[in-house]
Amino acid sequence: MNMKVNFAGVEFNNPITTASGTFGSGMEYADIVDLSRLGAVTTKGVANIPWPGNPTPRIAETYGGMINSIGLQNPGIDVFIKRDIPYLKECGTKIIANVCGKSTEDYCETVEKLSETDVDMLEINISCPNVREGGIAFGQNPKAVESITSDIKKRSKKPVIMKLTPNVTDITEMARAAENGGADAISLINTITGMKIDINRRTFALANKTGGLSGPAIHPVAVRMVYQAANSVNIPILGMGGVVTYEDAIELMMAGATMVAVGTANFNNPNATIEIIDGIADYMKRTGINDISEIIGCVK
Amino acid sequence: MNKKRYQIISKEIIANDIVSMWINAPDIADKSAAGQFVSVYCDDKSALLPRPISICDTDGKGGLRLVFKIVGKGTKELSDKNAGDGVDILGPLGNGFGEAFDKIKDMDHPDIAFVGGGVGIPPMLISSKSIKGQKNIILGYRDVTFMNEDFSEYGNVFISTEDGSAGVKGNVIDCITKNNLSPDVILACGPLPMLKGIKKYSEENNITAFVSLEEKMACGIGACLACVCKSNETDSHSMVKNKRICKDGPVFDVKEVDFT
Ligand SMILES: Cc1cc2nc3c(=O)[nH]c(=O)nc-3n(C[C@H](O)[C@H](O)[C@H](O)COP(=O)(O)OP(=O)(O)OC[C@H]3O[C@@H](n4cnc5c(N)ncnc54)[C@H](O)[C@@H]3O)c2cc1C
Ligand SMILES: Cc1cc2nc3c(=O)[nH]c(=O)nc-3n(C[C@H](O)[C@H](O)[C@H](O)COP(=O)(O)O)c2cc1C
Ligand code: FES
């Protein structure tokens, strides 16, 4: 039985990774999860300089999910390279480093620094507001997606995954723009913009007013978008959005994802990733699947 | 450490909407320190996030006591459980009053004040039990009192109520001044206005104070950066003066906390 997958030329022991921002740099979970068992750890978004993030409250629970506006608090690339990468290497796990930025130059600076490290792949979060373009997210305009992808590709020595936002009318347009820009892979979905009002305090539940919805509530949207994207590009997909059980992960793979990330589920069950990996192995045994690749995109 | 299902030993309603529960959780209870908390998970899977609840007491035989107020979905679900039922818990979590105790041990017979307000009272029980010395325990309520008798074996108990129905009418600071207490060190847990009052009082009187903070949590273990508070020192995680309440706290030297 083979659970190994080849994702844009990199081999992973299994298709399961963590969703950026829900697992830190793995360190905090190491008491609970044997990190070496994960296909990879995808780390919290890191920028060229430290970001303080947004005011609190930064999260609110919603039915079957949560909204967050952490605001990409991070220590900056230099601390990340010095502290977090060596730690993860020591744990024997593959690393997908997630990158955020406010301008193309920000992203490129971080990407160049990461190119000289031991990370295995880069995941570029283009849901960040583009300061040059009046704060509209890079990921909401196909021209911007294509141009930032090609700029990053020119500067990166690592395979590049472009992480798409679902807050668009046509996800296939963005997927193709990333492919045209030279992306090695795409990942989706990031969170869906939402809002919650505290009816007792008559105000917004989050200090930032809006936040990104994640968790099981968004899973069907993720399945739909992964399916649509998979049918419009030839580069592989890292699927995510509301994965809680191994069934959810298999669903995304059948829709066309080569790898799957587990995010909000870690908050409800810190051992979710391991249980999903074990669940997939059981499912393969039970249903006579010899190679996990057999199911990728099997639903047409 | 991992989230596990533990069995409830007993449940008691000790005041309006206030529930006291003993849970058989030896692996948590044996490691618990004053000021730490646990994450309690809901069986209702539409409610994904863990509920942070302070460790109130342990009995040395694997029992863990939680005292909580019913305020919403999660605490309602927990309050509906009975002896024999199971509950999913992860813990113990966070950084409790350890640093405060170290400071106290370096002081010469200090007058220690344990201050609890409302649902900030429960963690003060294990805290006042955990250190020897001259101890005054100041408990602030809105109206109905609870747990005050549990404290009597660990120190002198003083009470304040906002409506004046018991003890000093007013808040915990009023209670300290009206009873002519002059603590050398304060350990406190309670609502934000109370903690701001403690900060002011400790600055005016030039004394040491440690406070336990609250914020909405998602992971409870320091990974998601949901629960930060502004701090005067840089934090060890992002170096941006945002300490994580679940991991660096919930207890902080009040000097470190930027309430602005
Ligand atoms: C470190 C810490 C220790 C605590 N100890 C105690 C205790 O010993 N006894 C007690 O009664 N309460 C305590 N609280 C508050 C307790 O966590 C909340 O009352 C509880 O989470 C409410 O959950 P709910 O589902 O009933 O309410 P809901 O309002 O339905 O909860 C919705 C969401 O908001 C969160 N939330 C709501 N109120 C708070 C709050 N005050 N702080 C943090 N998150 C909140 C919930 O966890 C949940 O994610 C503590 C909070 C913290 C941060
Ligand atoms: C608290 C939190 C923080 C997140 N931080 C990031 C981040 O830094 N970078 C990023 O690309 N996505 C971030 N995300 C989005 C997730 O990686 C993921 O795309 C999304 O939550 C959907 O997956 P899920 O439903 O399994 O959580 C964050 C999500 C959450 C809930
Ligand atoms: S709750 Fe996630 S860092 Fe504190």
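Modeller: What follows starts at the interface and then turns to the chain on one side of it.

This is a predicted model, in which local features need pLDDT of at least 70 and side-chain atom pairs count only at pLDDT 80 or more, while totals for chains, interfaces and linings use all residues. Residues are numbered from 1 along each chain as its sequence is written, chains are lettered from A and ligands numbered from 1 in the order in which they are written, and side-chain values use heavy atoms, with hydrogens and water left out.

At the interface, 35 residues of chain A are in contact with 33 residues of chain B, where contact means heavy atoms within 4.5 Å. The two chains bury about 2,800 Å² between them, and 58% of this lies on carbon and sulfur atoms; buried area here is the accessible area, taken with a 1.4 Å probe, that two parts lose on being put together, summed over both. On the chain A side, Glu28(A), Glu61(A) and Asn268(A) supply 24% of the area that chain A buries against chain B, more than any other three residues.

One of these, Glu61(A), also meets Arg51(B) in a salt bridge through their side chains, at 2.8 Å from N to O. A salt bridge is a side-chain nitrogen of Lys or Arg within 4 Å of a carboxyl oxygen of Asp or Glu, and by this rule there are two across the interface of chain A and chain B. The count of residue pairs in polar contact between the chains, both at pLDDT 80 or more, is 15; a polar contact is a pair of N or O atoms within 3.5 Å, and within protein one must be able to donate a hydrogen and the other to accept it, while residues adjacent in sequence count only if both atoms are side-chain atoms.

Helices (H or I, at least four residues) and strands (E, at least two) are DSSP runs, numbered from the N terminus. The residues on this side divide into 16 nonpolar, 13 polar and six charged, with Ala, Val, Leu, Ile, Met, Phe, Trp, Tyr, Cys and Pro counted as nonpolar, Asp, Glu, Lys and Arg as charged, and the others, Gly among them, as polar.

Leaving aside residues up to four places away in sequence, His237(B) touches Glu28(A), Pro75(A), Arg83(A), Leu225(B) and Arg244(B). At 12% relative accessibility His237(B) counts as buried, because buried means under 20% relative accessible area, whereas exposed means over 50% and partly exposed in between (1.4 Å probe, protein chains only).

Chain B as a whole has six helices and 16 strands, and buried residues make up 60% of its 260 residues. Within chain B, Asp88(B) and Arg5(B) meet in a salt bridge at 3.1 Å, N to O. Asp88(B) lies in strand β7 (residues 86-93) and Arg5(B) in strand β1 (residues 4-15), so the pair ties together parts that are 83 residues apart in sequence. Asp88(B) is buried at 13% relative accessibility, whereas Arg5(B) is partly exposed at 47%.
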